[in-house]
Amino acid sequence: RRTKLRGLLQERDKRAKWHGIPTLLQKLYESSHPNSDLSHVLSSQLSMEAMSFVTEDRKTAQESTFPNTYTFDLFGGVDLLVEILMRPTLTMQKKKPKMNDDLVKDCLSVLYNCCICTEGVTKSLAARDDFVLFLFTLMTNKKTFLQTATLIEDILGVKKEMIQLEGIPNLSGLVQSFDQQQLANFCRILSVTISEPDVGNDDKHTLLAKNAQQKRNASPSRAEVNQVTLLNIPGFIERLCKLATRKVSEATGANFLQELEDWYTWLDNALVLDALMQMATEEAEQSSTESSDESSLATSPLRHRLPQSMKIVHEIMYKVEVLYVLCVLLMGRQRNQVHKMLAEFRLIPGLNNLFDKLIWRKYTASNHVVHGQNENCDCSPEISFKIQFLRLLQSFSDHHENKYLLLNSQELNELSAISMKANIPEVEALVNTDRSLVCDGKKGLLTRLLTVMKREPPDSSFRFWQARAVESFLRGATSYADQMFLLKRGLLEHILFCIIDSGCTSRDVLQSYFDLLGELMKFNIDAFKRFNKYVNTPEKFQTFLTQINSSLVDSNMLVRCIVLSLDRFESQTEDVKVVEVLSECCLLSYMARVENRLSFLFRLINIINVQTLTQENVSCLNTSLVILMLARRKAKLPFYLNALREKEYAEKYPGCLLNNFHNLLRFWQRHYLNKDKDSTCLENSSCIPFSYWKETVSVLLGSDRTSLCAIASYIDEPFMDLDKDLLPGCRLLTKLSKEEEKNL
């Protein structure tokens, strides 16, 4: 009967062009044992299709077909290999049979090739939790580690529910058994397990949707639980810090053939090889007088230097994954714990030592444009490395006292001297900084970053990430010394050049520079004096205003800074320098005119509504509140509210603007008065007590229509509570009025 079946299969095989796969599967099923070698034959047949798929830029299933992998899956090949791999775990024998390493490698390779080439295979494997957890146990074997890691990464990428790391048998022992090379590869897998799923730019991304989701999911997410699991593994963070900061010359372990095999697993597309060849070409152009280190390789023939080039890019790719994991952990709920460990294991000084020789090497082309802000963009390894490095610095500095570790001892002394000269106390975080953990060398990491930032070409989107990283150093309670440290290094002039003179049109880059400029100038009279010195013609000032007005969502934080600073300076008229700058500075004079503040207020309220509020534009609501809080302090709140009412009637949309603002403020109460919401950011950034924020919102939302400070008093009865569905389309001021253009 078997002979007859085999004959039928062979006859059908010829007509259907199955290439003998059903017969091979039958033989494999009948003779499968821990040392079978039939899977190797299948592996060679299917690997060519996988290579074809990768080199043809991963065509979709509709564009190309791969009959071998399809046939293999159709006849139960995928299920058979899963069974073969897991068979030793299912036996009742005390001594588990050991499978041949080559058989395991072949089975994993075939499964991976099927995942690449045949739609649905990856999802079906991902649905088998027992198999996914089993795969992690195969990572203990160094000979099968790479094949296992590659398959796991592919499977976790499509798995509907995030895997729980605590469910992996002996995870702590597994991770501790990895060498540094394996640990770097493992970080690729970890990145999927500790990152919150991307909700995209749809309705779920709004603050309304986020708040609703937080109410539904009060307990920690799977990603947060996985982060805690990793932090509980002894020595895990310390090893990541060593990986992130080791020099290329310190990378050890693999011989060249193993390194090539490892390299193959990273080849998702041709960008890696492109980067490799570009580096090799650039190295060939280097002067033969330069020393042989990470920034300059020996001038031997290209074919001899290529492996070293590969080694550098290889190390860079490792570091991308490691920095990503550290960055995610820094932004998680255990942030303070992670911060303490990163400081203790000297991550920042280590990165500082790598900055010139590896992170921002002299011969690296820096004019690549990274489109948008997406860290998952299809970039070369070097671009990804730079972006991940800058994201790490941003997360490390943001609202945390450890930010001073980005400086060296001399720079810390400079901050102290600035405070002493200005006769102001040193910031507590600066005083408490452990000098043994700060950067070494002539420059700290922040200063090095400023140097390359000023050299960056105008069209480079590295500027976005650089500005974000420097801005994070300034965020929090305003520090005069921190601002002066950066002002003395020409940062304000560089920012103004980029906004006014460079021809930059990228909204992302401009937004990052507006935000940075706001933090740099806030409450700092010297900064406004420098601004006036640079913006020394009406044409320059007009260009600056045009950039601000072109997108208030991007520039509103700068507008807030100017309004707050003006209010502070107007109360310091006993200071001669303040009075001088107030009278001379075109920017302060412009904002001092009430019609200009009203113009900003109208547009800030008009460009947002509750349904479209996101983390990106909620700052417009807070900036409009700052304008009104300062007006309330001076007993001018009724004047501003009445101006809003007059604007509505002038635009023939009575009730529209004020109803929208009323709804926004009700949302503000629900959002910011939530017990889990940290309000210190609002307080620190404005130097206005949060109690005054709450009080002002309550006054504005008052129901007493006789109160001159309640919004309700300025909405005529017929227009009260306009339909919420109508408000998003009820937009005033789609463009500046002629009168406002004249004022500009």
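Over residues 363–378, pLDDT stays under 50, and the model has 37 contacts beyond four places in sequence for them. pLDDT is the predictor's confidence in each residue, from 0 to 100. A contact means heavy atoms within 4.5 Å. This is a predicted model, in which local features need pLDDT of at least 70 and side-chain atom pairs count only at pLDDT 80 or more, while totals for chains, interfaces and linings use all residues. Residues are numbered from 1 along each chain as its sequence is written, and side-chain values use heavy atoms, with hydrogens and water left out.

**Confidence**

- The mean pLDDT of the protein is 81. Of its residues, 74% reach 70 or more.
- Residues 49–64 also stay under 50 in pLDDT. The model has 22 contacts beyond four places in sequence for that stretch.
- Confidence is lowest in helix α39 (residues 738–743), at a mean of 45. It is highest in helix α25 (residues 480–487), at 98.
- Where pLDDT is low, the predicted coordinates should not be read in detail.

**Overall build**

- The protein has 39 helices and zero strands. Both are DSSP runs, numbered from the N terminus: helices are H or I with at least four residues, strands are E with at least two.
- Of the 744 residues, 53% count as buried. Buried means under 20% relative accessible area, exposed over 50%, and partly exposed in between (1.4 Å probe, protein chains only).
- Among contacts with a separation of 6 or more, 77% join residues 24 or more positions apart.

**The largest nonpolar core**

- A nonpolar core is a set of buried Ala, Val, Leu, Ile, Met, Phe, Trp, Tyr and Cys residues joined through side-chain atoms within 4.5 Å.
- The largest one holds 213 residues. Phe131, Phe136, Met139, Phe236, Phe389, Leu486 and Phe544 touch the most other members.
- Helix α17 (residues 302–330) gives the most to this core, with 13 residues.
- Phe544 touches Leu496, Ile499, Ile500, Leu517, Phe531, Leu558 and Leu587, leaving aside residues up to four places away in sequence.
- In soluble globular proteins, nonpolar side chains tend to be buried together.

**An enclosed helix**

- Helix α23 (residues 445–455) is largely enclosed by the rest of the structure, because eight of its eleven residues are buried.
- Those buried residues are Leu445, Leu446, Thr447, Arg448, Leu449, Leu450, Val452 and Met453.

**Asn606**

- Asn606 lies in helix α33 (residues 594–606).
- Asn606 counts as buried because its relative accessibility is 6%.
- Asn606 and Cys656 are 50 residues apart in sequence. In space they are 9.1 Å apart, C-alpha to C-alpha.
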